[in-house]
Amino acid sequence: MKYLSKALGFGIAVVATFAACAAAATLALSSTRLSAGNVGVTACTSSLAATRNVNNAGNVTQVNVAGIPAACSGETLSVTLVNAANAALGSGSATVGNCGTTCSATITGFGTVSALNVVRYSYGLTGA
Amino acid sequence: MLLAATIGVGLGVAYAASLSVGSWHLWAGSQTLTKSTCTLSGSAVANDTYVDQAHANTNYGTATTMQVHPGTSTRQWSFLHFDLSSCSIPTTGGADSATLKLYMSNAPSPSRTLTVTSEITPFTATTLTWTQAQSLSYGSTTTTFSSGTTNGVTVSIPVTIDVDAMIKNTSASYGWRISDDNTSLSDTTAFNTLNATSNIPQLVISYEK
């Protein structure tokens with residue numbers, strides 16, 4: 001009887017412990033800060049067109065993008081030179097500026113990229 | 001003994017993901033380029049000549065060869081111009097590569113380093129003289145090349161940067177002057193002109209638009 005009461009007490013203690021742990025596992029979160037919301041993500045343009053310069057070895061030295069809408073002023077324009085296998089050959093970025101009626105951007109620093117291999121410019125415009 | 005350990009794990013503070021979007025403007029797009037080639041040759045699209053310091057007022061626009069010679073009083077310069085309009089490349093396009101191909105009918109000995117310079121004022125091959133050539137405007141050196149010493153070979157001279165500029169602006173360049181800028185006397189290098197019966201100058205362009 002004495003043994004039984006001890007075993008029962010021990011069992012209850014174990015159960016209580018695990019119950020407590022289980023309860024603790026709910027991880028009471030006292031969030032002091034929680035936010036959610038949404039904003040509209042729009043585009044300041046629907047298309048861009050570039051020209052590029054080369055050196056005498058035929059490597060791209062810079063990409064020039066003109067006629068960028070003024071709404072894109074101050075945004076970051078990224079240009080990637082892409083080959084026929086859809087691989088990136090080089091990339092660079094610049095801030096859209098020089099704005100009058102429209103803006104422009106000049107991107108350099110593509111590394112050594114032969115213009116012969118470039119079949120596409122891939123653009124990305126981001127900004128607030 | 002009843003061991004009731006309550007483990008209360010309270011994570012004091014939880015920061016849920018903030019959904020504020022940093023970029024108000026976001027756009028991605030692309031521009032596909034069209035590639036092609038154009039080869040220019042013949043008097044309909046080109047003209048060439050050479051001038052001679054020793055005969056300062058003589059025009060050699062009908063000669064079958066054009067010559068390049070060094071020195072201080074016997075210099076000879078060759079001039080070439082190609083009209084790109086027949087290639088129909090828009091000004092928004094550009095040269096991926098451009099090669100001037102000249103047949104060297106007479107190679108110097110020893111080999112010479114010849115200089116190709118962009119010519120940025122128009123000239124008329126049938127009237128140009130050494131005297132008039134002094135009044136032309138020249139750009140920076142496009143390239144230099146070694147003549148070698150073998151007669152009857154075609155030399156390929158890269159002129160991509162100039163042709164690219166010409167595509168974007170027809171007034172950017174009016175062709176090239178080829179000179180030997182060494183002041184010491186040496187052999188003459190001679191190239192076939194458009195007036196030759198064969199192996200006339202060519203400009204081969206690979207371009208994008």
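Biologist: Why is B:Ser88 called exposed?

Modeller: A residue is exposed if 12 or fewer other C-beta atoms, placed from the backbone, lie within 10 Å of its own, buried if there are 20 or more, and partly exposed in between. B:Ser88 has 10 such atoms within 10 Å, so B:Ser88 is exposed. This is a predicted model, in which local features need pLDDT of at least 70, side-chain atom pairs count only at pLDDT 80 or more, and totals for chains, interfaces and linings use all residues. Residues are numbered from 1 along each chain as its sequence is written, while chains are lettered from A and ligands numbered from 1 in the order in which they are written.

Biologist: What makes B:Asn199 partly exposed?

Modeller: B:Asn199 has 16 C-beta neighbours inside 10 Å, and therefore counts as partly exposed. Its phi is near 50°, a positive value in a residue other than glycine.

Biologist: Where does B:Asn199 lie?

Modeller: B:Asn199 is in the loop between β12 (189–192) and β13 (202–208) of chain B; strands are DSSP runs of E with at least two residues, numbered from the N terminus.

Biologist: What makes β4 and β9 of chain B edge strands?

Modeller: The open sheet of five strands has the order β4-β6-β11-β8-β9 in chain B, with antiparallel pairing. Two strands pair if DSSP finds at least two bridges between them. β4 (46–52) and β9 (138–146) of chain B each have a single partner strand, so one side of each lacks a neighbour in the sheet.

Biologist: How many bridges join β8(B) to β11 of chain B?

Modeller: Four bridges join these antiparallel strands, and B:Val116 has B:Ile178 in β11(B) as its bridge partner.
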